[in-house]
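Welcome to a short briefing on one protein chain. Please look over the sequence and the model first, then read on by topic.

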Amino acid sequence: KAFVFSLYNVKGYNPVKLTQYQNQQNAMFSCSFHGPTFGVGYDIYISDDAKNNQHSYTECSQTYQDPTGYSGENCRFFTGSYHFTPSDIEVFLEITN
């Protein structure tokens with residue numbers, strides 16, 4: 001049931017929800033040596049100390065569906081480039097009974 005949602009991106013596309021289509025067990029990773037990471041291979045990778053470097057990156061279609069018109073490595077949908085320095089990151093976890 002995991003998904004990635006883009007409220008705003010560099011090209012000004014409307015908000016879009018990208019759902020998982022494979023690798024269900026790898027929706028999100030969390031560890032002490034980097035920031036939140038989504039998908040196997042990583043669809044979205046946030047590096048350690050991300051606000052001070054450009055080591056974060058996106059690769060479409062590893063786990064989540066491609067945004068329309070984008071695919072594979074060097075996915076520039078979210079930020080306009082492969083590597084980026086994030087200004088804001090929000091991660092939500094829904095807990096249900």
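Two residues are in contact here when they have heavy atoms within 4.5 Å of each other. This is a predicted model, in which local features need pLDDT of at least 70 and side-chain atom pairs count only at pLDDT 80 or more, while totals for chains, interfaces and linings use all residues. Residues are numbered from 1 along each chain as its sequence is written, and side-chain values use heavy atoms, leaving out hydrogens and water.

**Two asparagines in one loop**

- Asn-23 lies in the loop between strand S2 (16–19) and strand S3 (28–31); strands (E, at least two residues) and helices (H or I, at least four) are DSSP runs, numbered from the N terminus.
- Not counting residues up to four places away in sequence, Asn-23 touches Val-40, Gln-62 and Thr-63.
- Asn-23 has a relative accessible area of 26%, so this residue is partly exposed; buried means under 20%, exposed over 50%, and partly exposed in between (1.4 Å probe, protein chains only).
- Between the C-alpha atoms of Asn-23 and Glu-94 there are 19 Å, and the two residues are 71 apart along the chain.
- Asn-26 also has its place in the loop between S2 and S3, and this residue counts as buried because its relative accessibility is 14%.
- With residues up to four places away in sequence left out, Asn-26 touches Phe-38, Gly-39, Val-40 and Thr-63.

**Aromatic rings**

- How many aromatic pairs are there? The count comes to four, where rings of Phe, Tyr and Trp (its six-membered ring) pair if their centres lie within 6.5 Å, and planes under 30 degrees apart count as stacked, over 60 as edge-to-face and the rest as tilted.
- One of the pairs is Tyr-42 with Tyr-45, which is stacked at 5.6 Å centre to centre with 15° between the planes.
- Tyr-42 is partly exposed because its relative accessible area is 26%, whereas Tyr-45 counts as buried because its relative accessibility is 16%.
- Tyr-57 and Tyr-82 make another stacked pair, with 5.2 Å from centre to centre and 25° between the planes.
- That pair links distant parts of the chain, 25 residues apart: Tyr-57 is in strand S6 (residues 56–58), and Tyr-82 is in the loop between S6 and strand S7 (83–84).
- Both Tyr-57 and Tyr-82 are buried.
- One aromatic cluster is formed by Phe-29, Tyr-42, Tyr-45, Tyr-57 and Tyr-82.

**Around strand S1**

- Phe-5 is found in strand S1 (residues 3–6), and it is partly exposed because its relative accessible area is 42%.
- The charged end of Lys-17 sits over the ring of Phe-3, 4.4 Å from the ring centre; this term asks for NZ of Lys or CZ of Arg within 6 Å of the ring centre and within 35 degrees of the ring normal.

**Positive phi angles**

- Which residue has a positive phi of about 55° although it is not a glycine? That is Asp-49, in the loop between strand S5 (44–45) and S6.
- Asp-49 has 43% relative accessibility and therefore counts as partly exposed.
- Ser-61 is not a glycine either, yet it has a positive phi of about 70°.
- Ser-61 lies in the loop between S6 and S7, and it counts as buried because its relative accessibility is 18%.
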